[in-house]
Amino acid sequence: MKKTLVFLILISTTFNLHAEDGHLLWLRAKSTGKVTIVCFSKSSTIAIAKQELEQSWQGKNGAKLLLTIKKSKAIKGDGFKISENEIQANTELGILYGAYELLRRQQTGEAIQNEICNPSYERRILNHWDNLDGSVERGYAGKSIFWHDMEKGYAVTDNDRILWKEYARANASIGINGAVLNNVNSSKLMLTTECLQKVKAISEVMRPYGIKTYLSVKFSSPTLIGGLKTSDPLNSEVIKWWKDKAKEIHKIIPDFGGFLIKANSEGEPGPQDFGRTHADGANMLADVVKPYGGIIMWRAFVYEINSKDRAAQAYNEFMPLDGQFRDNVIIQVKNGPVDFQPREPFNPLFGAMKKTSVMPELQITQEYLGHSEQLVYLAKMWEEFLKSDTHQEGVGSTVARTTDASIFPQKHTAIAGVANIGLDTNWCGHHFAQSNWYAFGRMAWNNQITSEKIADEWLKLTFYPIEEKDSKVSDWKKNFLEPVKQLMLESHEAAVNYSMPLGLHHIFAGLNNTHYGPGPWFGPKGIRSDWTAAYYHKADASGIGFDRTEKGSGAVNQYHEPLKSQFENIETCPEIYLLWFHHLPWDYKMKNERILWDELCYTYDKGVKEVREFQKIWDKAQPYIDEQRFFEVQSKLRRQSRDAQIWKDGCLLYFQQFSKRPIPFDIERPVYN
Ligand code: GCU
């Protein structure tokens, strides 16, 4: 007991540890010197930029900084040019982004040269799956920051405004410039006038930070709240209803960004209910918002009940419509063809739709990756996705380049991330889940940035011992920054290993419910076949995996050569996607000579061991971090270790019924039944 006490005292005299202040996110720096700011423009956005710079300046004491708004062709959109003594931009927002970039570089020690930074995407948007009653679909960080219990109505308090301001500031600091305020499974009430008044209040707080407001809407709104008999997109009364609604919205929220629509998907209404196509529906709405500069983000997350291969459906439904969409429609496509699984190949629609704007949808909230219980740094997975080569326009047609107008002349470009934000004191439920919010913003701004660089930045901004002298900082870098960064970078692969390795997918407990633990046994009784795990893993006496080759579902044909042949051929199919594309016998020989069953066992086991290592790394980092954050993460890692073991045991014991082989004897035996 005594020993621990002495040790703790020692620790806290070694480092100046701050009390937990998770709500500050990565915005913790305080100024270490004075700066004089010269700017000839005045606005609320410029005022924020000035205040941020004065508050957090860590450059030369007594420096003079010029903020210049001046048209430059080399600077695009809200991009900027920075040097040690000047931020130049075409827009006020560009100045604000430049200010955050300058401060970030000062804090992380990155060089500040004469450099132009342009955003990869015009619109960098968070999608909140928040319901109007305050609950959050797939939210693991408390209730909605925008909506409260229905009994409270749409009242707005001062506290709400403070919170929204902090939220807007955090977003602006990483370049996010839009937010969809409500769930894709939208409430019909969203477009009512009372509700729009609340949206007005939110957008007023966010406007100076450059965050545009967007809304998810129900396609059948004309019937549900407009009293019309139909919501057929070609019906003139329906068109008029939407036109009037758009006019009303823009009167209330002049810079309103547009609509996000989930149509004819998972029971949501859509144009197909009236014998019309996605293009008919999207174009009607696009025309309606066009006069106000609005866009329509039309989701491609569609699949039919009991289909042969759910992974093939978005492509089948959307490809025939390529070229039919208005230029202010963007098709919003999830990174993978199924549904935000721990690992999926990219959705084949990327690069294939050449005459239509396409935007990636990533999921920041960890629906399928351990909720806010597990430390999984998602940027690694997003990097893999953005760098995937679609080959659609030759080598180097990466997903990033097919969506950011480098290859196709898209009128509008965008990227969306399903938010992981809630009323929790640390915003995201897990301290490290904040890094995923941060990483989404950074990648949306620069789709070529590496996940490693982002982790480095985020750790420095979030955990840096700010008040320490240089000598201590090098200690911190060696003993905290480097090992914890490594942990972050390995965390996604570990999660894949202990949950769904080698291309397995969607084998969760309660498929349409929690999406947390394992449930490969999840049976078909009374449930749609594509909502059962057996649909995806297809384990039986003959083997395991989903055959998507030409002999199987044929989904492999949706990829451009040489990918198609590469995935089709078992010799060349990357092993990380093996069971995604192939159904293989249990004794199939892997590249390392092990049989498939053994490899599956070793991979699950590896995942568990990796998390055990993470625990050790974190415990060693204790001297360099405040108690509260240390213990909170430590306790989450403990749970993650246990749950990784449950994944391994559950899946191996279940699959063993079919493989009828022993778990290799050098692997720890299962402990859970
Ligand atoms: C998943 C998720 C749902 C969500 C849907 C979507 O299926 O579990 O909660 O509504 O994706 O993206 O529309």
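**Notebook: ligand shell, overall fold and domains**

I began with the shell around the ligand, whose residues divide into two nonpolar, one polar and six charged. By class, Ala, Val, Leu, Ile, Met, Phe, Trp, Tyr, Cys and Pro count as nonpolar, Asp, Glu, Lys and Arg as charged, and the others, Gly among them, as polar. I listed the residues around the ligand as Glu137, Arg138, Val184, Asn185, Lys262, Glu266, Phe301, Asp339 and Glu367; a residue is near a molecule if its C-beta atom, placed from the backbone, lies within 6 Å of it.

I noted that the model is predicted: local features need pLDDT of at least 70, side-chain atom pairs count only at pLDDT 80 or more, and totals for chains, interfaces and linings use all residues. Residues are numbered from 1 along each chain as its sequence is written.

I then looked up burial: 54% of the 673 residues of the protein chain count as buried, that is, with 20 or more other C-beta atoms, placed from the backbone, within 10 Å of their own. Along the principal axes, the C-alpha atoms fill a box of roughly 80 × 75 × 55 Å.

Next I turned to the domains, whose bounds come from an automatic or database domain assignment. I recorded domain 1 (1-23 + 468-546 + 583-673), domain 2 (31-118) and domain 3 (123-463). The centres of domain 1 and domain 3, taken over C-alpha atoms, are separated by 29 Å. Their contact takes 31 residues from domain 1 and 37 residues from domain 3, where two residues are in contact if their C-beta atoms, placed from the backbone, lie within 7 Å.

Notes: Buried ≥ 20, exposed ≤ 12 C-beta atoms within 10 Å, placed from the backbone.
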